[in-house]
Amino acid sequence: MRCPHCGQSLPKGTLTCQRCNADLSPTRRRKDLLVTLLVALIAIAAIMLLTHLVLCWHDAQMLLD
């Protein structure tokens, strides 16, 4: 197993990295995963909204011509 923070090779089942003292408990890793997923979903929603706004603006410009 490797530490996701510093890359140190660790024995399987280690709860704390010996090099960087990162918390490697399953609860902490699950929370980190949820935060990452939430940020990804917000980013995708923002991109979709921006795309929609640009397309609506483009359609409005085409109607004016």
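Predicted model: local features only at pLDDT ≥ 70, side-chain atom pairs only at ≥ 80, totals over all residues.
A residue is called buried when its relative accessible area is under 20%.

I shall begin with the cysteines. Cys3 has a relative accessible area of 4%, and it is therefore buried. Cys56, by contrast, is partly exposed, because its relative accessible area is 38%.

How many disulfides does a search of the whole structure find? The search returns zero. Cys3 accordingly takes part in no disulfide, and the nearest cysteine sulfur belongs to Cys20, at 3.7 Å.

Next, I consider Thr14, which is placed in the segment before α1. Is Thr14 buried or exposed? Its relative accessibility is 13%, and for that reason Thr14 counts as buried. Which residues does Thr14 touch, leaving aside those up to four places away in sequence? They are Met1 and Leu24.

Finally, I come to helix α1, which covers residues 26-64 and includes Leu33. Together with Leu34 and Leu37, Leu33 forms a nonpolar patch on the surface. The accessible area of these three leucines together is about 300 Å².

To summarise, Cys3 is buried, Thr14 is also buried, and Leu33 belongs to a nonpolar patch on the surface. Thank you for your attention.

Terms used
Residues numbered from 1 in each chain as written. Heavy atoms only, no water. Patch = residues over 30% accessible without salt bridge, like charges linked within 9 Å, V, L, I, M, F, W, Y side chains within 5 Å. Areas by Shrake-Rupley, 256 points an atom, 1.4 Å probe, with all protein chains shown as cover. Salt bridge = Lys/Arg side-chain N within 4 Å of Asp/Glu carboxyl O. Helix = DSSP H or I, 4+ residues; strand = E, 2+ residues; numbered from the N terminus. Buried < 20%, exposed > 50% of the residue type's maximum accessible area, 1.4 Å probe, protein only. Contact = heavy atoms within 4.5 Å. Disulfide = S-S within 2.5 Å.
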